[in-house]
Amino acid sequence: MDESDVVRIFDTTLRDGEQSPGISLNLKEKVEIAEQLARLGVDVIEAGFPIASEGEAEAVKAIAATVRGPVVAGLARVDAVDIDRAAEAVGRAERPRIHTFIATSEIHMRAKLRMTPAEVLAAAVGGVERARSHVGDVEFSCEDATRSDPEFLAEVYRATAAAGATTLNLPDTVGYALPDEFAALLRFLRESVDRDVVWSVHTHDDLGLAVANALAGIEAGARQVEVAVNGIGERAGNCSLEEIVMAIRTRGDVRGIRTNVQSREIARTSRLVSMLTGYAVPPNKAIVGANAFAHEAGIHQHGVMVERTTYEIMDPVDVGLEGSRIVLGKHSGRHAFVKALEELGFGNLSADDVERAFERFKALADRKIRITDVDLEAIVVDEIAQDADEFELISIQVAGGTHMSPTATVRLQHGDEVIDESAIGDGMIDAACGAIQRATGIEARLESFTVSSVTGGIDALGDVTIVLATGDGSGSSPIRRATGRGVSTDVVEAAARAYLSAANRLTRLTARDQVVA
Ligand code: KIV
Ligand code: ZN
């Protein structure tokens with residue numbers, strides 16, 4: 001196989017993925033995910049949409065300045081101010097890219113942009129030219145391409161390629177395409193645009209066809225595929241990174257293609273994104289779901305015991321699911337702890353982060369005899385998630401039982417201020433959440449509450465996910481949802497951490513501009 005057989009993986013977890021309802025990652029969380037994406041071996045990281053907010057621009061800048069290996073892309077509409085903002089944000093990247101787009105479907109041009117096709121064409125060319133004046137690597141997308149007039153699409157792609165776009169991306173923005181027609185459209189465009197560019201596909205999962213459409217696009221000549229970890233993204237999500245990568249790896253024999261991804265980093269990447277976004281992975285999710293390699297029927301179990309490949313088309317080891325290893329215990333010192341962190345890919349943590357994570361580890365080691373790599377990863381990620389937040393949990397005390405009302409007292413750090421609050425509740429978790437609500441002053445409804453465990457066993461870390469919401473959906477009060485996740489051996493503490501994390505996200509979401517693609 002040569003270079004033309006390599007399908008580039010363009011990861012948009014931090015941009016399209018972060019546009020999923022309720023997700024709002026802080027700068028530190030974004031950098032941590034970007035670093036893991038680099039370890040995973042993706043070719044391009046779309047780090048964000050810098051014009052969307054100051055925070056978004058800062059996160060893209062931080063990723064561009066620190067993450068080495070992949071191309072770092074910033075998204076921009078074709079307007080000059082968007083493009084200049086994106087150029088500034090990716091400026092310090094080793095290999096910067098500007099990804100610019102404009103909608104080309106009749107409905108988007110008329111109802112959203114209020115522009116004629118001729119105006120759209122001119123704006124697209126102007127945008128690409130401006131992007132090229134900043135960087136040599138420019139990607140151009142026709143938003144809602146699959147509902148656009150193919151002849152007009154061809155005209156826009158021809159003109160933008162002539163203006164200097166080096167990658168042309170075909171988005172199925174609303175997840176409308178069927179695989180055969182998507183492939184036919186790409187073939188038609190490749191024939192119509194006689195330029196040496198990389199063709200890319202960007203598919204959404206509204207009909208559950210994102211991966212199938214991306215594969216059809218690759219079959220039709222695309223050599224870049226835009227994906228998100230765990231398939232997160234707008235509405236039903238984006239093409240899932242792990243699914244397309246493993247489809248290419250498992251069936252590359254018939255397709256004659258490959259990717260640069262280190263597949264053994266997939267499970268860890270999936271866990272990290274799930275923890276930091278608060279989006280749990282469904283158990284039956286392909287590749288990374290808890291049941292993806294579980295065999296229930298006796299006949300299957302027997303078959304796998306005799307010969308794994310009777311019912312397994314992939315080796316779980318190849319996606320990084322070797323099972324948990326015991327790495328540390330109560331007597332492990334700081335040195336062993338730091339070494340274990342480095343092995344887990346957390347070698348870049350600041351001294352302060354290491355200190356906090358070590359304290360958390362010591363507290364955990366008092367309650368749990370064997371601490372596995374997955375436990376360690378969970379507490380470190382939990383610490384990272386809480387650290388850069390507005391409110392931080394210092395401590396929680398709860399009391400209750402059959403003869404007294406459950407009561408909780410929390411101590412939070414808010415900037416330089418320490419806040420203590422107490423509340424009585426229907427149960428200890430309710431009391432803990434009530435105390436946090438008082439301490440933060442953030443009023444929100446609890447929409448969902450889920451508990452699972454990080455690993456097995458009676459002393460397993462509890463893993464709580466909470467969704468909070470505000471607003472009633474009226475014009476002046478839009479509904480906002482935020483997801484938070486927390487882990488601890490004590491499920492009340494895990495719930496308190498999850499609640500606080502969701503509350504912190506709600507404040508960020510409210511502050512974030514709603515200028516999203
Ligand atoms: O879905 C879409 O059209 C997008 C573009 C900005 C590429 O996300
Ligand atoms: Zn998209």
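User: Why is the crossing of α1 and α2 called right-handed?

Analyst: In this predicted model, the crossing of α1 and α2 is right-handed. The term applies when the near helix is turned clockwise from the far one by less than a right angle. The axes of α1 (residues 27-40) and α2 (residues 54-66) cross at roughly 35° and come within 9 Å.

User: Which residues make the contact of α1 and α2?

Analyst: From α1 they are L27, K30, V31, A34 and E35, and from α2 they are E56, E58, A59, A62, I63 and T66. By class, six of these residues are nonpolar, one is polar and four are charged.

User: What makes K30 buried?

Analyst: The relative accessible area of K30 is 3%. The cut-off for buried is under 20%, so K30 is called buried. K30 is found in helix α1. Beyond its neighbours within four places in sequence, K30 is in contact with L14, E18, L25, E56, A59 and I63.

User: Is A210 buried or exposed?

Analyst: A210 has a relative accessible area of 0%. Exposed would need over 50%, and buried needs under 20%, so A210 is buried. A210 lies in helix α8 (residues 210-219).

User: Which residues is A210 in contact with, leaving aside its neighbours within four places in sequence?

Analyst: They are T203, H204, D205, N238 and C239.

User: How many residues has the largest nonpolar core?

Analyst: This core has 114 residues, and F140, Y157, I244 and L376 have the most contacts inside it. Its largest share is seven residues from helix α14 (residues 373-387).

User: How do you know that this core lies between domain 1 and domain 2?

Analyst: Domain 1 (3-277) and domain 2 (334-384) both give residues to the core, so it is placed between them. Another core, apart from this one, has 31 residues, among them C433, V464, L468 and L509. In soluble globular proteins, nonpolar side chains tend to be buried together.

User: Into which domains is the protein chain divided?

Analyst: The division gives domain 1 (3-277), domain 2 (334-384) and domain 3 (392-516).

User: What separates the centres of domain 2 and domain 3?

Analyst: Taken over C-alpha atoms, the two centres are 23 Å apart. The contact between these domains takes 13 residues from domain 2 and 14 residues from domain 3. A contact here needs heavy atoms within 4.5 Å.

Conventions. Residues are numbered from 1 along each chain as its sequence is written. Chains are lettered from A and ligands numbered from 1 in the order in which they are written. This is a predicted model: local features need pLDDT of at least 70, side-chain atom pairs count only at pLDDT 80 or more; totals for chains, interfaces and linings use all residues. Side-chain values use heavy atoms; hydrogens and water are left out. A nonpolar core is a set of buried Ala, Val, Leu, Ile, Met, Phe, Trp, Tyr and Cys residues joined through side-chain atoms within 4.5 Å. Buried means under 20% relative accessible area, exposed over 50%, partly exposed in between (1.4 Å probe, protein chains only). Helices (H or I, at least four residues) and strands (E, at least two) are DSSP runs, numbered from the N terminus. Domain bounds come from an automatic or database domain assignment. Axes are lines fitted to C-alpha atoms, for helices over the stretch in contact, and angles run from 0 to 180 degrees between N-to-C directions. Ala, Val, Leu, Ile, Met, Phe, Trp, Tyr, Cys and Pro count as nonpolar, Asp, Glu, Lys and Arg as charged, and the others, Gly among them, as polar.
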